[in-house]
Amino acid sequence: MTVIERVRAGDADGVARELAGLTSAQRRECIPELKEVRREVDEEPWLKRDVVQALMVAGAGCHTATAAAAWLCGGSWSRQDDSWDQPALLTVIEDQPPQWRSTLVAALARRRATSWGSKAYLLVEHLVRTTGCEVPTTDGFVTRWFLGRTWTYSSHRNAITVAAGATLWERLSDDPFVPLLTPRLFDLDEIGSILDRSSNERYPEDWWPTCLTRLAEQGTLDRGELIDRCLARLARGGRTSDQRGFLKLLQTFAPTTEERTARARNYLALLDALPFVAAHAQQVLAELDEAGLLPPGLLTEAAAAVLLRTEKKLVRAQLGWLDAAARRDPARSGEVVLAATHAFSHADPDLQGRALQVTARHLPAAGAAVLPQLRAAAELLNPAHAARAGELLGGEPPAPAGAYRELLPPVPPPAPAPGPLESPEEVAEELGAVLAGDPDPTAFERVLDGLVRYAHRDRPALTQALEPVLRAHEWNGTHPIVDCTPRAVLHVALAAAGRATPDPVRGGWSTVFGNALAGRLEEAADGIRSGRTPFLLATPTSATGTLDAATLVDRLATHEAAGLEPGPADLSQALLRTAPTKDAEVSAAAERLGSPAGQRAARWLRSDGLPAQPSTRRRFTPGRGFNDVGGMYDFEDLLLTVVDQPGAKVAEQRDGADGRLAPDFAALVGPLVHSGPRTARYRYRTPTRHWLATLPHHREELAARMLDTFADTEGRGTALLLPHLAEADGPAGPAVHLALGYGLGTRWPEDRTAAVDALLLLAARGDLDGPLLGRELAELLLIGAVKANRLTDALRSAAATGAYGMVWSVLAGALPQLLAPAPFRAAGELLAVAADCARRSGARGPIAEVSAAAERGGSNRVVKEARALREVLAGAPAEG
């Protein structure tokens with residue numbers, strides 16, 4: 001049998017025997033056929049494991065060393081450990097000359113660690129040891145060495161052992177790679193969590209920090225170098241789990257006072273790091289300062305780094321450090337009070353007040369020389385502290401503020417969508433971007449139209465242009481358990497290239513948005529095959545997904561002149577993107593259309609299109625019960641839902657009885673009725689901007705259908721669609737405001753930033769109902785759906801843009817529910833933001849619930865801030 005026959009039979013040992021009798025030239029002649037077999041098994045490598053293993057052996061024996069590395073790591077098959085752990089592969093590789101094997105080691109080591117598994121690493125390290133080649137220090141090799149020492153890789157079929165020892169300490173103490181590779185650990189990404197493995201802290205001999213510390217004590221590793229690398233790694237930043245591991249390592253090294261003093265500036269750099277890292281560095285520096293070992297000037301630099309951070313605990317600790325420094329040595333009072341002024345511009349007025357207290361305490365010892373600088377810095381203080389600052393610092397009182405002017409961002413006009421793609425090559429290029437995950441719906445729409453347009457104009461040129469893209473992206477079929485996504489446009493591209501797909505796009509998708517998109521894609525592919533679709537009607541003319549009425553009429557006229565009828569899905573999507581027009585010429589042109597599609601469009605424009613479907617709030621009592629798909633729900637599931645049955649007139653206009661919309665699109669705009677506390681229909685689907693572009697004139701309806709996603713306040717990225725939702729047209733009712741409320745209280749800062757952007761845009765467009773949003777926020781807080789600290793952070797950020805009046809309108813709507821009948825325990829922060837916004841915007845007039853809270857006994861934060869707000873609303877300056 002030949003090598004290829006052995007490969008197809010899955011006989012890896014036979015492949016090794018056949019290769020042994022071939023010359024280098026004869027081996028190279030096998031490569032084209034090996035590639036053909038590989039293409040066959042690439043589709044389902046897990047079903048042809050024997051063939052895969054034989055291919056691995058044959059590829060290693062027939063290629064040059066560098067090409068063999070690419071072959072062995074070239075696909076998903078390379079991560080099947082059994083393919084590496086086979087005697088035939090080891091035999092073929094060891095039969096090669098030493099230089100070939102050394103080159104193979106270097107080529108494999110250059111690849112990412114994810115390209116090869118544990119058995120592959122065992123083979124590579126075995127080759128390093130047996131060939132005597134240079135030990136690789138690449139990220140891939142060091143990562144696999146680290147993981148291998150942590151979890152003890154072992155080979156069964158090849159019986160390779162590279163690191164004996166029952167514990168980590170035993171494996172490392174006798175490892176010649178340790179001095180060379182250990183310093184490189186600090187350059188690897190995302191290994192800190194494994195480095196820590198805190199569960200093994202109780203077992204020092206299996207814990208990396210203690211083992212590295214012992215190795216440094218023995219002199220195997222340089223202790224100073226490891227401490228320096230650890231500090232540099234923490235300064236570089238990274239994920240929380242990663243940074244915790246390296247901080248634990250630093251703490252295990254337990255640097256001495258001398259070592260810390262010599263590295264004071266390295267610790268200073270950590271004050272900009274993650275909060276727990278910064279807290280450690282702050283503690284180290286404060287201890288050095290207390291011992292009189294902190295270099296001059298570092299106290300001021302530390303204050304500048306910390307006092308504007310958002311973490312209040314760090315800021316309070318820094319102010320405490322400043323206070324203690326001046327108490328120990330009054331001669332440093334001038335330095336301390338000037339350093340404290342960095343907090344005068346902090347977003348939290350309470351922390352500003354604390355800084356002012358430190359200044360007041362040590363100003364007498366600092367002397368009059370610091371007053372000019374203090375007065376200049378005091379201009380940044382919240383107005384609540386103006387009277388106290390003036391009394392303390394003297395000087396000219398601040399000029400009375402002029403009339404308050406709300407600062408909201410300008411409303412940008414809708415960006416026009418680019419025109420059609422201009423060549424088959426552009427279509428192929430943009431298709432590659434969409435398949436790679438470009439989230440822009442405009443890009444998707446242009447690609448879909450381009451495929452249809454150039455399949456009609458120049459099919460051979462389009463087929464040629466698409467070939468490289470289709471080679472790189474295989475059709476993997478459809479999976480109705482998820483949802484149809486824009487990447488399914490590949491189905492249309494295959495039709496344009498004359499290829500058949502094994503299954504259709506349509507078929508029971510999990511959302512109405514997925515069904516509508518699948519219907520459009522299937523229809524576009526059918527139009528290409530029939531050759532009767534010159535271009536699509538529904539391609540938007542605006543980046544928000546809207547379609548200009550005049551453009552739609554022109555496109556219909558072009559179809560009509562060619563004697564062509566557009567597809568029902570294409571026409572339905574075009575109608576949903578088109579708003580009625582008051583332009584008499586456009587209306588008249590629509591009425592002159594004679595085709596059925598033209599008459600449907602004319603009726604659409606004449607009858608005001610699709611009426612807005614209102615939503616109303618349903619409220620549920622916490623408890624247990626069944627949701628709308630028969631599953632149990634707990635309190636966590638009782639995130640408020642929107643929507644109710646539309647009015648009879650709306651239902652009649654929307655039932656699709658007049659034949660204006662295809663079935664998938666009639667279902668898309670069906671009644672918004674939820675039969676339980678939450679709708680499970682969209683709960684585990686990820687909405688995209690493509691959903692928004694499907695109904696660009698109906699943002700309230702979009703918000704209602706997407707509400708379960710927005711309600712996931714712990715999920716990352718859930719609020720990033722909110723600015724795009726705010727840009728859409730149509731009413732902004734309870735669903736939009738509730739979605740916005742969830743976004744303002746979401747966990748991730750970037751999501752809250754997106755929600756703030758949406759809030760400001762909605763206000764700038766005149767569509768924000770501040771009291772309504774306030775009531776929704778209050779209820780979300782009371783049921784625990786959002787956390788007060790996150791919401792406070794978002795509202796303070798919104799106010800800081802100059803929109804104090806807008807934020808006040810929201811908080812004025814929320815406070816009555818939060819303060820009565822008993823104050824919400826975390827309302828103090830919100831009251832502080834409310835007082836600041838009311839003071840800056842000139843809000844006046846009592847709120848009964850605020851006054852009642854102010855009259856309560858005690859001096860907790862809620863009572864204190866309620867009193868401050870009451871004074872502001874009464875027109876009196878409140879003291880900080």
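# Buried rings and packed helices

Trp691 is buried, since its relative accessible area is 6%. Phe513 is buried too, with a relative accessible area of 4%. Keep in mind that this is a predicted model.

**The overall picture**

Now for the whole protein. The protein has 880 residues, and 54% of them count as buried. Looking at contacts with a separation of 6 or more, 76% are between residues 24 or more positions apart.

**Aromatic pairs**

How many aromatic pairs does the structure hold? There are six. One of them joins Phe141 and Phe177, a tilted pair with 6.3 Å from centre to centre and 55° between the planes. Phe141 sits in helix α11 (residues 139–151) and Phe177 in the loop between α12 (168–173) and α13 (178–181), so the pair ties together parts that are 36 residues apart in sequence. Phe141 and Phe177 are both buried.

Back to the Trp691 ring: Trp691 forms a stacked aromatic pair with Phe513, at 4.3 Å centre to centre and 10° between the planes. Phe513 belongs to helix α31 (residues 512–530) and Trp691 to helix α38 (residues 689–694), so this pair ties together parts that are 178 residues apart in sequence.

There is also a cluster: Tyr121, Phe141 and Phe177 are linked by ring pairs.

**Three helix pairs**

Two packed helices are described by the angle between their axes and the distance between the axes. Here are those values for three pairs.

| Helix pair | Axis distance | Angle |
|---|---|---|
| α5 (residues 49–62) and α6 (residues 65–72) | within 8 Å | roughly 165° |
| α24 (residues 349–366) and α26 (residues 386–393) | 11 Å | about 15° |
| α27 (residues 424–435) and α28 (residues 441–457) | within 9 Å | roughly 140° |

Let's start with α5 and α6, whose axes cross at roughly 165°. Angles over 145 degrees count as roughly antiparallel, and α5 and α6 are therefore roughly antiparallel to each other. Their crossing is right-handed. On the α5 side, the contact is made by Leu55, Met56, Gly59 and Ala60, and on the α6 side by Ala68, Trp71 and Leu72. Sorted by class, the residues of this contact are six nonpolar, one polar and no charged.

Next come α24 and α26, which pack at an angle of about 15°. These two helices are therefore roughly parallel to each other, and α24 passes α26 in a left-handed crossing. From α24, Leu356, Thr359, Ala360 and Leu363 meet Arg388, Ala389, Leu392 and Leu393 of α26. The contact of α24 with α26 has six nonpolar residues, one polar and one charged.

That leaves α27 and α28, with axes that cross at roughly 140°. This angle makes α27 oblique to α28. The crossing of α27 past α28 is left-handed. Pro424, Val427, Glu430, Leu431 and Val434 are what α27 brings to the meeting, and α28 brings Ala443, Phe444, Val447, Gly450, Leu451 and Tyr454. By class, the contact of α27 with α28 comes to nine nonpolar, one polar and one charged.

**Leu462**

Some residues of that α27 and α28 contact, including Pro424, Val427, Leu451 and Tyr454, turn up again around Leu462. Leu462 is part of helix α29 (residues 459–472). Why does Leu462 count as buried? Its relative accessibility is 0%, and buried means under 20%. Leaving aside residues up to four places away in sequence, Leu462 touches Pro424, Val427, Leu451, Tyr454, Ala455 and Ala496. Glu425 is 37 residues from Leu462 along the chain, and the C-alpha atoms of the two are separated by 7.3 Å.

**A covered helix: α42**

Is helix α42 (residues 734–744) mostly covered or mostly open? Mostly covered: eleven of its eleven residues are buried. The buried residues of α42 include Pro734, Val736, His737, Tyr742 and Leu744. What do the buried residues of α42 pack against? Their partners are α39 (699–705), α40 (707–710), α41 (722–727), α43 (749–764), α44 (770–782) and α45 (788–800).

How values were computed
Residues numbered from 1 in each chain as written. Predicted model: local features only at pLDDT ≥ 70, side-chain atom pairs only at ≥ 80, totals over all residues. Heavy atoms only, no water. Helix = DSSP H or I, 4+ residues; strand = E, 2+ residues; numbered from the N terminus. Buried < 20%, exposed > 50% of the residue type's maximum accessible area, 1.4 Å probe, protein only. Contact = heavy atoms within 4.5 Å. Axes fitted to C-alpha atoms, helices over the stretch in contact; angles between N-to-C directions. Parallel < 35°, antiparallel > 145°, perpendicular 65-115°, else oblique. Left-handed = near helix turned anticlockwise from the far one by under 90°. Nonpolar A, V, L, I, M, F, W, Y, C, P; charged D, E, K, R; others polar. Phe/Tyr/Trp six-rings, centres within 6.5 Å; stacked < 30°, edge-to-face > 60°.
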